[in-house]
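Please read this briefing beside the sequence and the structure.

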Amino acid sequence: MAKHEIFFVSTFINHCRQIFFFPKKNFIKIWFFSSVTYLYVMKLKKTLPTLTKAEEEVMHIIWQLGRCVVRDIIDRLGDPDMPHSTISSVVRILEKKGFVGHKAYGKTYEYFPAIAKEEYAQHGVKSLLEKYFSGSPKQLVSFLVQRDDLDLKELNDLLKTLDKVESKK
């Protein structure tokens, strides 16, 4: 089970406990069926939710900081006039999408990444390949070379990296 799936299930349980006061036996049944439904949907989608530009910017800050409060994010954005409620809303949206988790300390929430930056990057590259290059990494590299976005030295470095990966297999 991926980190974001585990996070979603645990968040779902916590929200259910706060909202509903089911007897323990019924709660376990509801949790189980909800978890199974979520995992089934995630396997069908095989994708992460997309992020808006603002959500992605905040997410990069959370990845850098690891654990943080909303004030830390505002400080990193460099805009002291940024309303606390705006950033708080973006972070809550990230939490609903499964990218961020939180731990409550009274009324203060400490946020942390629930999905690794590498996992999101892998998803982004895969999406780029599928949308624009028919799923072919070769077409992507060819595109970069033809547009002079990849010079000969970078191409040689890439080939060396590929050779190392192949030799490890």
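Predicted model: local features only at pLDDT ≥ 70, side-chain atom pairs only at ≥ 80, totals over all residues.

Residues are numbered from 1 along each chain as its sequence is written, and side-chain values use heavy atoms, with hydrogens and water left out.

- The largest nonpolar core has 20 residues, of which Met59, Ile62, Ile73, Leu94, Phe99 and Val100 touch the most other members.
- Two or more residues of this core come from each of α3 (53–65), α4 (70–77) and α5 (84–96), and α3 gives the largest share, 5 residues.
- Such a core is a set of buried Ala, Val, Leu, Ile, Met, Phe, Trp, Tyr and Cys residues joined through side-chain atoms within 4.5 Å; buried means under 20% relative accessible area, exposed over 50%, and partly exposed in between (1.4 Å probe, protein chains only).

**Hairpin**
- Strands β1 (residues 100–105) and β2 (residues 108–113) run antiparallel and are joined by 6 bridges; strands pair if DSSP finds at least two bridges between them.
- Val100 stands opposite Pro113 of β2.
- The hairpin has 2 residues between its strands, and Gly106 takes a positive phi near 70° there.
- Helices (H or I, at least four residues) and strands (E, at least two) are DSSP runs, numbered from the N terminus.

**Helix α8**
- Leu162 lies in helix α8 (residues 152–168).
- Leu162 counts as partly exposed because its relative accessibility is 46%.
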